[in-house]
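Please find below my notes on the model. They are set out as numbered points.

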Amino acid sequence: MILSIERRLYEAQRYTGVERHSGEGSESYLAEVERRHPRVLLLDGGRGTGKTSVLLTLVDRWHGWSRSGVAETATYRERVAQIRQNSKFTPGEHDFDIPAHVRVVGILDFDPLPPEMPLVAGIMQAWRPLAERYDELSGRLADCDDEGDTLMDLWHRLFRVAAVGWTAISKDSGLIEQVLDREEQVQDWQRLDKQWRKFVDEVIGLGKCLKGAHKLADQPVFVIMIDDVDLQVGRIRELLPALRLLYHPKVVFLVAADRRHMVDMLKLDFLGQQNVIATRQLREDALQVSERDRWAGDLARSSFQKVFPLRNRWYLRPLSLRELLEFPEASANLRTVLNESPLSRSGSDPSKTLAVGDYLHTMGIAADDIGDLPPVMTYRTAHQIFHQVSSHNVPPSGSLEAIRQMLGASDADDLVRTTERGGRGHIVEYRLIGELAALFRPDFVEPISGQADIVLSARPEFIYRRDPSSNAILMTGNSDNVLNFTAALAAVSMRDDGYGVTASGLRWDVRLALAWTRVRLFDRVHQDPNLDLAFQWRFQEHPSPKRLLEWTREWARFVHDLHASTEQRLDRIAYAWIYYHLRNLGASMDGVPEPFSDEFNTSDAWTAILQAEPQTGTAVERARWRTQTLPLLARPEIGLHPDVQERLLQFVGEDPDFALGLWDHRRRLVTDAILAAADEARVPAEEAEDSARVARAIEVFERRHRDIYRVDSPWFRSVEVHVQQSRGDALPAGSS
């Protein structure tokens with residue numbers, strides 16, 4: 001971000017002045033076309049995201065580092081070289097340089113700005129120390145001696161116009177005095193931009209004559225920083241015209257503000273002016289009215305865009321999980337603090353060999369690679385937490401406090417508790433109650449019939465519901481102080497992977513993730529509700545949020561490459577699901593063709609992949625791969641081709657008890673599909689567990705399979721027939 005900002009300052013250095021276009025023989029009293037170089041920059045971000053820290057870093061960099069030779073050190077150059085390798089960053093000419101031509105005139109803090117002081121006057125006031133100092137220094141230089149106006153003379157005239165040019169004319173004086181005062185005020189206002197440019201030109205000319213550290217570069221650029229714009233909402237409307245009025249090609253304004261807040265305040269300002277004209281009084285929420293108003297929104301956005309072009313905006317968001325753990329620097333950060341945690345751990349998962357900080361850091365890397373998880377906390381909060389835990393000399397109290405603050409943020413005192421369990425280490429109690437569930441958003445849709453599609457996704461979405469009767473909160477629609485989704489996911493992951501966290505009141509479910517089949521259930525015979533059922537492709541092991549994010553990162557590459565592959569797409573999806581699932585479960589894939597191999601759909605490839613076995617879990621859990629996970633993927637409602645279904649069912653024996661387990665599991669999964677479909681459609685799930693409704697749905701799935709392929713489904717022959725014969729039930733009409 002800093003390097004990108006400095007590119008604009010190098011552009012300003014190269015820009016020579018205002019372009020004026022006049023017709024041949026034009027007179028000076030006639031208007032001229034003027035083209036201005038955009039020189040207002042915006043640091044955009046909410047409260048606490050570090051905007052002020054960036055401003056102070058830039059001041060230190062331009063005034064200190066540029067003279068200290070920091071840019072020549074190996075550490076600095078290595079860091080810049082690392083940034084240049086980022087695929088999202090385009091290398092530039094001056095990346096390794098610290099601009100020595102930049103001078104920060106002042107930082108105008110909006111917060112303490114006197115309410116009655118015109119903003120233009122406040123900006124002028126920032127120049128006074130520089131003008132005084134340059135006048136003082138220039139008195140020692142004979143070649144700069146001039147009997148004309150000093151910088152302070154020019155500054156006083158500017159400040160007088162700025163201070164009174166926007167104030168009301170006193171009505172206590174006579175009419176003639178009021179007219180003369182108004183005439184002078186208008187003339188001053190019209191001349192202000194020219195006087196302003198003359199003043200800045202004089203500053204530059206004088207500064208070039210100075211000696212030593214005070215001497216300006218040949219093409220200097222002055223920066224005026226304006227901070228905390230959000231804290232005086234009534235002045236935002238005044239700020240925009242002031243930035244446009246005070247134009248000089250060598251003066252750049254760097255503004256720190258929240259763009260969304262600025263636009264909303266501008267909407268209210270324009271709406272208020274309209275209401276004054278119409279003599280209306282609002283009787284409802286003003287922001288909601290401004291959203292519906294015909295003009296307020298357009299005027300606000302247009303005013304903002306005139307001052308802040310898109311290329312001159314940089315967005316600071318709160319810290320992601322990875323960024324939080326890497327704060328404040330690589331050698332000493334919250335990750336290293338958490339690694340000293342005395343939390344008790346349980347289980348035999350290999351991932352538990354990681355220290356707590358490293359464990360969460362790998363989760364943060366996976367989340368950042370996917371790029372869809374919300375941030376955890378603001379820069380300011382992270383800064384305060386690090387200094388707080390550092391005062392504990394880190395282990396063990398400091399690391400426990402860091403975990404508590406990271407999971408609970410501003411609600412840490414109510415949401416998270418830490419306790420010691422005798423000699424068994426410490427426990428963190430995460431007290432959120434309700435349900436947290438994965439409900440991914442579609443990335444890729446492969447039609448399998450007019451009534452069903454296979455949906456692939458690598459775009460995480462999560463929902464939270466406090467109780468079954470309450471509305472779900474969506475991660476993407478999450479507003480501040482409602483739920484910190486990333487912290488909640490981290491807490492559930494630490495609980496499920498045995499990292500000393502308890503969360504007995506919070507249920508974690510995976511409704512839709514990575515792959516599912518969407519089926520239109522409406523059937524004229526049974527008059528079932530018109531609802532797209534969502535059949536999750538079952539996982540061998542119920543993943544923690546961390547493992548799900550890691551699996552998503554790898555699955556995303558397959559989904560991306562699948563767009564360019566059109567041959568045997570349905571079989572390739574089924575093969576890839578098994579392939580990546582096995583890899584995630586630690587299976588050896590030696591001799592197993594990859595999903596985009598030309599040989600992936602041969603008998604040898606399927607034999608090889610179906611012989612591979614998971615390496616995680618107990619022997620009983622590993623056996624479930626062939627007795628449950630693969631057979632359940634062969635249900636006709638999943639939509640795979642019959643030859644693939646046959647392969648997946650090859651391990652199913654003729655034991656009626658074994659078939660009964662799959663038969664019962666299928667019916668529970670239909671219920672889950674109804675629940676997932678209702679969540680996806682944002683409607684209540686009615687009669688999801690009604691056995692008659694489930695039976696009707698299964699009959700529809702089997703009949704559709706017969707209509708398409710003219711034979712009973714392999715699942716029907718391997719499972720349904722055995723169970724129905726053992727129970728003495730009649731086979732459905734139309735089955736062979």
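1. A crossing is called left-handed if the near helix is turned anticlockwise from the far one by less than a right angle, and right-handed if clockwise. By that rule, H14 passes H18 in a right-handed crossing. Helices (H or I, at least four residues) and strands (E, at least two) are DSSP runs, numbered from the N terminus.

2. This is a predicted model, in which local features need pLDDT of at least 70 and side-chain atom pairs count only at pLDDT 80 or more, while totals for chains, interfaces and linings use all residues. Residues are numbered from 1 along each chain as its sequence is written, and side-chain values use heavy atoms, with hydrogens and water left out.

3. The chain has 26 helices and 18 strands. Of its 736 residues, 49% are buried (under 20% relative accessible area; exposed is over 50%, partly exposed in between; 1.4 Å probe, protein chains only). Among contacts (heavy atoms within 4.5 Å) with a separation of 6 or more, 71% join residues 24 or more positions apart. The accessible surface is about 36100 Å², and carbon and sulfur atoms hold 48% of that surface (Shrake-Rupley method with a 1.4 Å probe; for residues, only the protein chains shown count as cover).

4. On the helix pair of point 1: the axes of H14 and H18 (residues 485-496) come within 11 Å and cross at roughly 125 degrees. H14 is therefore oblique to H18 (under 35 degrees is roughly parallel, over 145 roughly antiparallel, 65 to 115 roughly perpendicular, the rest oblique). Axes are lines fitted to C-alpha atoms, for helices over the stretch in contact, and angles run from 0 to 180 degrees between N-to-C directions. H14 contributes Val356, Tyr359, Leu360 and Met363 to the contact, and H18 contributes Leu489, Ala490, Ser493 and Met494.

5. Proline 375 lies in the loop that links H14 (356-370) to H15 (379-390). Leaving aside neighbours within four places in sequence, proline 375 is in contact with Arg317, Pro318, Leu319, Ser320, Asn484 and Thr486.

6. Strand S3 (residues 40-44) is mostly covered, with five of its five residues buried. In a regular strand the side chains alternate between the two faces of the sheet. In S3, Val40, Leu42 and Asp44 are buried on one side, and Leu41 and Leu43 are buried on the other.

7. S3 pairs (at least two DSSP bridges between two strands) in the parallel sense with S6 (residues 251-257) over five bridges. Leucine 42 has valine 255 of S6 as its bridge partner.

8. Four strands form an open sheet, ordered S11-S12-S17-S18, with antiparallel pairing. S11 (444-449) and S18 (532-536) are the edge strands, each pairing on one side only. Neighbouring strands of this sheet are turned by 25 degrees against each other on average, direction ignored.

9. Within that sheet, S17 (residues 515-520) and S18 share five bridges in the antiparallel sense, and valine 519 stands opposite leucine 533 of S18. Helix H20 (residues 569-584) packs on the sheet and touches S11, S12 and S17, its direction making about 120 degrees with that of S11. Helix H19 (residues 545-562) lies across S11, S12 (452-456) and S17, and runs at about 125 degrees to S12.
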